[in-house]
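Biologist: I have a new structure open and would like to learn how to read it. Could you walk me through it, one feature at a time?

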Amino acid sequence: MIIAGVDIGNSTTEIALARIVNNRPEFIASGIAKTTGIKGTEDNILGIRLALESAVKKAGIDMKEVKLLRLNEATPVISDVAMEAITETVITESTMIGHNPSTPGGVGVGVGITTPIFGLNSRHPGEKVIPVIPKNVDFEDAAKMINDALLRGVDVQGAIVQKDDGVLISNRLTKKIPIVDEVSLIEKVPLNMPACIEVAEPGFTIKTLSNPYGIASVFNLTPEETKNIIPIARALIGNRSAVVIKTPRGDVKERKIPAGQIKLKGRNGTLVVDLEEGADKVMQALEQVWPLVDVEGTPSTNVGGLIARVKEVMGQVTYQDMRKIKIQDILAVDVLVPQRVTGGIAEEFFTEDAVAVAAMVKSSKLPMEKIAEKVERELNIPVEIAGVEANMAVLGALTTPGTDVPVAVLDLGGGSTDAAFMNRKKEVVSIHMAGAGEMVNMIIAAELGLSDRQLAEDIKRYPVAKVESLFSIRMEDGTVRFFEKPLDPQTFARVCLLKEGSLVPLPPDLQLEKVRQVRRKAKQKVFVSNAVRALSKVAPSGNLRLIDFVIMVGGSALDFEIPEMISEALAGYGIVAGRGEIRGSEGPRNAVATGLVLSGWEGKP
């Protein structure tokens with residue numbers, strides 16, 4: 001007789017196939033497929049079929065030989081994420097701007113009065129000027145007009161150019177001056193106003209315009225005016241070039257924008273938190289009211305929309321009134337996101353504060369019986385609904401060589417981070433936490449300014465390297481790897497992902513250290529903090545130090561750095577943590593499916 005354990009997860013559906021020999025299961029194959037639809041709904045049936053076909057093919061048997069399917073109690077768990085910017089930099093009257101084109105011309109710092117390129121003829125010798133060059137002026141003509149002005153003694157200090165002509169103009173000048181180009185809205189550049197241009201040497205960053213006191217020195221600002229330009233200086237840190245223009249009117253403001261409120265209702269009280277107070281404040285309030293009973297968000301905000309959307313979807317899949325759906329957990333994370341500056345003249349992006357929120361609901365009304373009936377009808381295989389998912393995960397995790405009870409299991413998935421603890425009496429306590437792989441993807445995409453979610457997923461999963469020559473790359477840990485054959489020329493000098501034996505170039509504006517920093521920080525904020533949160537909820541007396549061993553399972557336990565990050569964090573509590581090796585051969589996958597097979601033949605856990 002052959003039976004199959006079927007684990008319907010948030011991201012994948014996994015199968016453990018076993019033959020019963022002498023009343024004992026002998027595992028013969030495993031299968032995996034992407035979960036179709038929301039976990040725990042009738043849409044999952046296609047994913048079950050695909051995963052089962054995969055396992056049957058590997059085992060070399062016929063589908064008809066499978067005599068029993070054991071399904072987990074796949075409680076629908078919906079996790080959703082959203083992001084809310086909580087600061088915004090606004091430039092009024094185009095008073096001061098910061099800009100960072102990819103290829104500026106020249107080098108140095110120049111201070112002068114902005115003037116139209118065609119107005120250079122009327123300038124007197126000794127006057128410090130910065131010509132503004134629109135796109136209808138050819139670079140050779142612009143260079144000639146500047147050279148003529150220099151010949152007459154006009155002190156041309158720099159140039160602001162609309163097209164990407166900075167280097168072309170610079171190469172034709174008799175005097176090296178800093179040139180900032182790619183200023184798309186050049187018609188908004190105020191004329192006859194004092195301006196400062198700074199371009200650093202290749203490989204270096206600006207020092208004057210990224211320092212508020214440097215800007216204050218250039219323009220003789222008062223202490224109050226210096227305070228107002230701090231957002232500009234902060235945003236220019238790390239740039240190779242910049243231009244700042246001062247006009248008598250307007251100013252630069254960093255303003256707080258209404259981000260909405262979250263009302264946390266728990267068994268220990270109700271607290272309301274403004275999202276603009278940051279993620280730490282939200283999580284502190286959550287701990288104060290825990291266990292969470294429900295969450296409400298301010299209507300017409302991202303947070304309000306997220307809460308309403310999660311409840312609406314859960315209501316639809318479980319056929320319940322959405323007003324009866326309750327949020328079980330949330331995870332808030334502070335992030336920095338590039339936002340286009342309101343009022344900017346060169347499509348400037350400043351880094352603004354934002355809060356990312358994941359929310360999760362868990363329904364107690366299960367449609368599993370309907371799924372089981374439909375699977376049985378479509379596959380013509382008897383189906384039974386087996387035990388609680390957390391219990392099955394622990395049973396499966398215990399097939400990892402060298403493990404025994406008491407033990408805790410961390411299931412690191414795509415939508416949620418789950419934890420379960422089994423004591424010596426084989427009693428299991430479990431919990432689901434909002435936030436996992438999908439939230440990491442969202443943070444990576446937001447902080448790196450990516451619209452391609454698959455690219456964010458790849459950045460999460462693979463390390464990066466910089467191609468330094470046609471035969472060598474520098475890995476993100478600083479080591480150098482050499483190749484016998486020349487690399488693809490398209491990857492030369494690019495930051496690439498090391499994806500499955502090939503180099504995948506990232507967008508040119510992404511720097512290696514920035515990608516690595518964002519990726520690791522996102523994983524720390526989501527997986528490491530959630531691991532500690534979840535384990536503290538299932539630990540005896542809520543004390544993490546009373547847990548000795550943790551087995552990490554699930555798709556995200558396959559990540560090349562998440563298990564190490566969690567192990568390092570838990571080591572501080574005296575916990576030995578490691579990636580599971582289900583049945584000694586499956587790695588961290590297939591724990592629940594394996595447990596489903598075992599539970600059917602070893603009695604109730």
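Modeller: Gladly! Keep in mind that this is a predicted model. Let's start with a pair of strands: β1 (residues 2-8) and β4 (residues 66-71) pair in the parallel sense over 5 bridges. Within that pairing, G5 stands opposite R70 in β4.

Biologist: What holds strands together in general?

Modeller: Strands of a sheet pair through backbone hydrogen bonds, and the pairing is either parallel or antiparallel. Here, β1 and β4 belong to an open sheet of 5 strands in the order β3-β2-β1-β4-β20, and its pairing is mixed.

Biologist: Which strands form the edges of that sheet?

Modeller: β3 (24-34) and β20 (383-385) do, as each of them pairs on one side only. Ignoring direction, neighbouring strands of this sheet are turned by 20° against each other on average.

Biologist: Which helices pack on the sheet?

Modeller: One is α9 (residues 368-379), which touches β4 and β20 and whose direction makes about 165° with that of β20. Another is α15, touching β1, β2 (12-21), β3 and β4; the direction of α15 makes about 140° with that of β1.

Biologist: Is α15 largely enclosed or open, and how would I tell?

Modeller: Count its buried residues, meaning those under 20% relative accessible area. In α15, 9 of the 9 residues are buried, so this helix is largely enclosed by the rest of the structure. Among those buried residues are V592, L596 and S599. Their cover includes β1, β2, β3, β4, α10 and β29 (549-553).

Biologist: You mentioned α10. How do I read the way α10 and α15 meet?

Modeller: Look at the distance and the angle between their axes. The axes of α10 (residues 389-397) and α15 (residues 591-599) come within 7 Å and cross at roughly 90°.

Biologist: Which residues make the contact?

Modeller: On the α10 side they are E389, M392, A393, L395, G396 and A397, and on the α15 side A591, V592, T594, G595, L596, L598 and S599. By type, the residues of this contact divide into 8 nonpolar, 4 polar and 1 charged.

Biologist: And how does the whole protein look?

Modeller: The protein has 15 helices and 30 strands, and 53% of its 605 residues count as buried. Among contacts between residues at least 6 apart in sequence, 67% join residues at least 24 apart. The protein exposes about 26,800 Å², of which carbon and sulfur atoms supply 50%.

Technical notes: Residues numbered from 1 in each chain as written. Predicted model: local features only at pLDDT ≥ 70, side-chain atom pairs only at ≥ 80, totals over all residues. Heavy atoms only, no water. Axes fitted to C-alpha atoms, helices over the stretch in contact; angles between N-to-C directions. Helix = DSSP H or I, 4+ residues; strand = E, 2+ residues; numbered from the N terminus. Contact = heavy atoms within 4.5 Å. Nonpolar A, V, L, I, M, F, W, Y, C, P; charged D, E, K, R; others polar. Buried < 20%, exposed > 50% of the residue type's maximum accessible area, 1.4 Å probe, protein only. Areas by Shrake-Rupley, 256 points an atom, 1.4 Å probe, with all protein chains shown as cover. Pairing = 2+ DSSP bridges.
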